[in-house]
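Here is a short report on one protein model. Look at the structure first, then read on.

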Amino acid sequence: MSETTQRTTDMETENRTDTQTDPETTTGETEEQVQDEWRNYEFAGEPKLAVDDLDVYYGDDHALKGVSMDIPKNSVTALIGPSGCGKSTFLRCLNRMNDRVKSARIDGSVKLDGQEIYQEGVNLVELRKRVGMVFQSPNPFPKSIAENISYGPRKHGDIETGLLARLLGRANEDERDELVERCLRDAALWDEVSDRLDDNALGLSGGQQQRLCIARCLSVDPEVILMDEPASALDPIATAKIEDLIDDLSEHYTVVIVTHNMQQAARISDQTAVFLTGGELVEYDDTDKIFENPQSQRVEEYISGKFG
Ligand SMILES: Nc1ncnc2c1ncn2[C@@H]1O[C@H](COP(=O)(O)OP(=O)(O)OP(=O)(O)O)[C@@H](O)[C@H]1O
């Protein structure tokens, strides 16, 4: 039984109809009915990611409960909700980062361009190239700015580093330089660092480090970029740059972002999913609709700051 239901007084209980035994919605529908509506949330084209009935357990802790949602291509999807409601857990399921957590058990389906990512035999390195991730705290490698970008493609063999090429002094320097410039430009960092590409990345400011991490993520040519509160450690100016960048990136990439900052979600996302305590996805819709006219009473209370 939910907290809302538990707090209902006897008198209120007498006045309730059968359909009101579920948490209330702003339209008088049950939350289940609202969920049925947003399960049919429609957008043009095929979903880039299709999540169906996803459950995650950490040992006995049921962290995500039957989450289903389709994520459209080349757009920004924000995941919001109070602390501990499972936003990061959901995000990490999208490129199987939770596989690294020993106690985690995952049931359900996640399809990327219609292909199940949880089926046996999926190459996780390939998957994480296609679905990259940017974390809360900037975590550049303690290497030069240029090497932060070229490291991934070299590791994956996308830049030629064969012995013969190196012996002939042609370890595809041009290819590397082009890649470094393209990624830094795409991450809106080139103008600030083009004259010091060989400097250690740890000498950059926090905001620059985070944009470098985004450039590093772009270097392996992802299709989806997962961001877990990418601006929460940054000052307002650095945050604004990251927000502008996310907007630009969504022209070519599918961005899914966890944020605690509701104004940020409202500013940068096309659609918003609201998770609430207990690991439930309560409502998912166009961002304007979620912030201006949410269907669920609990979502309205959360958006208006009554809890969370
Ligand atoms: N590695 C883990 N091992 C065990 N339990 C975990 C692990 N990661 C998350 N949890 C639990 O799963 C639940 C959801 O956590 P999660 O971090 O996904 O929530 P969140 O909404 O992202 O929270 P926050 O906004 O505080 O980051 C919480 O109860 C948390 O304690």
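## Two ideas to start with

Two strands pair if DSSP finds at least two bridges between them. Strands S9 and S10 pass this test with six bridges, and they run in the antiparallel sense. Keep in mind that the model is predicted.

## The overall picture

The protein has 14 helices and ten strands. It is 308 residues long, and 38% of them count as buried. Take the contacts with a separation of 6 or more: residues 24 or more positions apart account for 68% of these.

The domain assignment gives two domains. Domain 1 covers 24–113 + 223–308, and domain 2 covers 145–220. Eight residues from domain 1 and eight residues from domain 2 make the contact. On the domain 1 side, helix H11 (residues 236–249) gives the most, with four residues. That side has seven nonpolar residues, no polar ones and one charged.

## The six-stranded sheet

What is the strand order in the open sheet of six strands? The order is S6-S7-S8-S3-S9-S10, and the pairing is mixed. S6 (131–134) and S10 (280–286) stand at the edges. Each has a single partner strand, so one side of each is left without a neighbour in the sheet. Neighbouring strands are turned by 20° against each other on average, direction ignored.

Now follow some of the pairs. S6 and S7 are parallel, with four bridges. Here Val-131 has Val-224 in S7 as its bridge partner. S7 (residues 224–228) and S8 (residues 254–258) are also joined in the parallel sense, over five bridges. Between them, Leu-226 is partnered by Val-256, and Met-227 stands opposite Ile-257. S3 (residues 76–80) and S9 pair in the parallel sense over four bridges. In that pair, Leu-79 stands opposite Ala-273.

The antiparallel pair of S9 and S10 places Phe-275 opposite Leu-281. These two strands form a hairpin with three residues between them. Gly-278 in this hairpin takes a positive phi near 100°.

## Strands under cover

In a regular strand the side chains alternate between the two faces of the sheet.

Gln-271, Ala-273 and Phe-275 point one way. Thr-272, Val-274 and Leu-276 point the other way.

Is Asp-285 buried or exposed? Asp-285 sits in S10. A residue needs 20 or more other C-beta atoms within 10 Å to be buried. Asp-285 has 20 such neighbours, so it counts as buried.

## The four-stranded sheet

An open sheet of four strands has the order S2-S1-S4-S5, with antiparallel pairing. S2 and S5 (115–116) stand at its edges. Each of these has a single partner strand, so one side of each is left without a neighbour in the sheet.

S1 (residues 47–58) and S2 pair over eight bridges. Pro-47 stands opposite Pro-72 in S2.

## A helix and its partners

Helix H6 (residues 145–155) has several buried residues, including Ile-145, Ala-146, Asn-148 and Ile-149. Which helices do the buried residues of H6 pack against? They pack against H8 (173–186), H9 (190–193) and H10 (206–218).

## Around the ligand

How many residues surround the ligand? There are 13, and the closest are Tyr-58, Ala-63, Ser-83, Ser-88 and Thr-89. Strand S2 (61–72) and helix H4 (87–93) each supply at least two residues of the shell. H4 gives the most, with three residues. By class, the shell has four nonpolar, seven polar and two charged residues.

Definitions and conventions. Residues numbered from 1 in each chain as written. Predicted model: local features only at pLDDT ≥ 70, side-chain atom pairs only at ≥ 80, totals over all residues. Near = placed C-beta within 6 Å. Nonpolar A, V, L, I, M, F, W, Y, C, P; charged D, E, K, R; others polar. Domains from an automatic or database assignment. Contact = placed C-beta atoms within 7 Å. Buried ≥ 20, exposed ≤ 12 C-beta atoms within 10 Å, placed from the backbone. Axes fitted to C-alpha atoms, helices over the stretch in contact; angles between N-to-C directions.
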